[in-house]
Amino acid sequence: MLNRTADSVARATPEPLARKVRGISDKGLAWLFISPTILLLLAINIFPLFWAIYLSFTNYRANRPNEVVKNLGLANYRRILGDQDIWIAMQTTAHFVFWTILLQTLIGFTLAWLIDRKFRGHAFWTTIILVPMMLSPAVVGNFWRFLYEPQIGLFAYAISFVSGIPPTDIQMLSNVSLAPWSIIIVDTWMWTPYVMLICLAGLRSIPEYIYEAAEVDRASNWRQFWSITLPMALPFIMLAVLFRGIENFKMFDMVNLLTGGGPGSTTEVASITLKRQAFESWRTGYSSAFAIILFVAVFGLANIYVKALNKVKQR
Amino acid sequence: MADVHIRNVSKSFGEQIAVSGLDLHIADGEFVVLLGPTGAGKTTTLRLIAGLERPDAGTIHIGGHNATALSPAERDTAFVFQQYSLYPHLSVYDNLAFPLRSPARKMPEDQIRRRVEDVAKMVRIHHKLNNRSTKLSGGEMQRVAIGRALVRRPAIYLMDEPLSSLDAKLRGDLRLELKRIQAELGATMLYVTHDQIEAMTMADRIGILADGVLVQIGTPRAIYSEPANLHVAARLGQPAINLLPAGLLPDGGAPAGTRTIGARTEHLSIDKAANGHADGVVDWVEHLGDQNHLHVTVGAKKLVTLTDPDTPLAKGDKVTIRYRAPLYFGADGQRLM
């Protein structure tokens, strides 16, 4: 009976295909299927990474391909770690990452918490809040440049309306102390919805009956928030911080569009320095070394963070 | 502890009527079990008393005070949910102490410690006080959830199928344990279940709910032997009561208007047919170890009854069946006296 079924299945398979497939093992077939992806990854991710590692030990300059490439050993790395400008760029990056994460987490979680109240029309407002996140960074950068215009920009006008300072004095992009904040504001505007979405998922995962139990146990709203809402949403908040942290550590597009690193080098974050070294000074070997250092730094920090996150999740 | 008095309470969710015109008085220190199938309004009744739902009509008095409009926190009830509703990031100790740490109580920490340790011993979880609540087995979690209700001395304990998610052995153990604790504390308790064994063994009184209506309330004995109608009769007894049309078997003494006859094991005498007359045929003998289920076909009907483990009856035997004071039900399903 069983044999007959197997036979009829075998007969149902067209003969030439069956013969061809029979020669390949399951494992071989699996490799066959994933090989295009693997090749693509090798070509555009793995090879450039190793190539950059190689270049970081040389004095190679991409604009002088005919020059003899000399091996410098660790000289590039030593020079980067002693370079004052690099450290200033790292500080600028840290400042930027810290404030964007702080603001986005606070505002994002608060919005998620409000949306989770499920008031009338909460679905509509969720959609509205998500709009900035769906725009292209190039579009966002360009229209915020207009908003920040001291003469015609709405932002300066609105601030002057509230504070009474004449709008022409509010030079968001060219004032040394305001320029970093102009970028923090735009990044927060654009990416807070993303943090909100992750936090909302966390809040929605808390079962209703835990709140009901707490209510019967006479826990105030405040206590419910601190002993149920926040601890149970914490892994999600941490995940959002991780994603935003990695993204903002390598922030490039918004800074490049809004200030280009200026005025002076007040908004010159690490990736802008990297671009200037690589494609304006054409120090390819040197900038490769810097890129590797950044990569190791982000990778190391993210790993430590993920360990902490897992610990929180396991509690 | 206090008594709870529910008067004419109704509650609907949209079109769905959950509870309709419910009257229930739970005396101080009484253990009342509400028994009914899913959707009968058992849980809604509990939630109404706890204040997690507001009634559409009627009043709820707890300890003599009208609590109908009060919030859950103001009512002084303790609730054990069907799910393990522990605070997952807290230790067992902190879970048990949680209700006592309410600012409304202002209980000193050493007193909390004493209370928590007492209760932890009571529900046999004291060896795991420092464990995270997520690191417990299902049975342990539910013991903590019960313990978290017991640390308080509320007006009434409300328990929503607290044992339904546990395995059979643990369910049996905790059943006895809960009854013991309730008697020890003299606690007023309203307990919801769809398990007739829990209802029969624990309750001072059982209330049978069907479609949001309290059909009958009484002692387990009374509910079992004097069911008000077919529905109540069918809820209790293992194997389930046999409901046979009148006239299928000789039923001398049936009151006028009898439509259905309810016969449990103790209402039937079954013997091997002698002198050629038989009422039915043994279909199958189901061996359960300490007892047997006897399946008998009578005409087009099948009967299931208990029999001795060493019964002489076997498959295919012809038998005579006689009623022994069975239950009589009229055309409307009500029992006839």
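Which residues does His126(B) touch, not counting residues up to four places away in sequence? In this predicted model, where local features need pLDDT of at least 70, side-chain atom pairs count only at pLDDT 80 or more, and totals for chains, interfaces and linings use all residues, the residues touched by His126(B) are Glu117(B), Ala120(B) and Lys121(B), contact being defined by C-beta atoms, placed from the backbone, that lie within 7 Å. Residues are numbered from 1 along each chain as its sequence is written, while chains are lettered from A and ligands numbered from 1 in the order in which they are written.

His126(B) is placed in the loop between helix H4 (109–122) and helix H5 (138–150) of chain B, helices (H or I, at least four residues) and strands (E, at least two) being DSSP runs numbered from the N terminus. Because His126(B) has 17 C-beta neighbours inside 10 Å, it counts as partly exposed; a residue is buried if 20 or more other C-beta atoms lie within 10 Å of its own, exposed if 12 or fewer, and partly exposed in between. Tyr93(B), 33 residues away from His126(B) in sequence, lies 8.8 Å from it in space, C-alpha to C-alpha.

Chain B as a whole comprises nine helices and 19 strands, and its C-alpha atoms fill a box of roughly 80 × 45 × 35 Å along the principal axes. Of its 337 residues, 39% count as buried, and among the contacts in chain B with a separation of 6 or more, 64% are between residues 24 or more positions apart.

At the interface, 15 residues of chain A are in contact with 19 residues of chain B. On the side of chain A that touches chain B, two or more residues are given by each of helix H10 (208–216) and helix H11 (221–249) of chain A, and the largest share, six residues, comes from H10(A). The residues of this side comprise eight nonpolar (Ala, Val, Leu, Ile, Met, Phe, Trp, Tyr, Cys and Pro), two polar (the others, Gly among them) and five charged (Asp, Glu, Lys and Arg).

Within H10(A), the buried residues are Ile210(A), Ala213(A), Ala214(A) and Val216(A). They lie on the same side of H10(A) because they cover an arc of only 165° around the axis, the arc being that of the directions from the helix axis to the C-beta atoms. The cover over these buried residues includes H11 of chain A together with helix H1 (42–50), helix H2 (72–75) and strand S6 (77–80) of chain B. Just after H10(A), Arg218(A) takes a positive phi of about 65°.

Note on methods
Contact = placed C-beta atoms within 7 Å.
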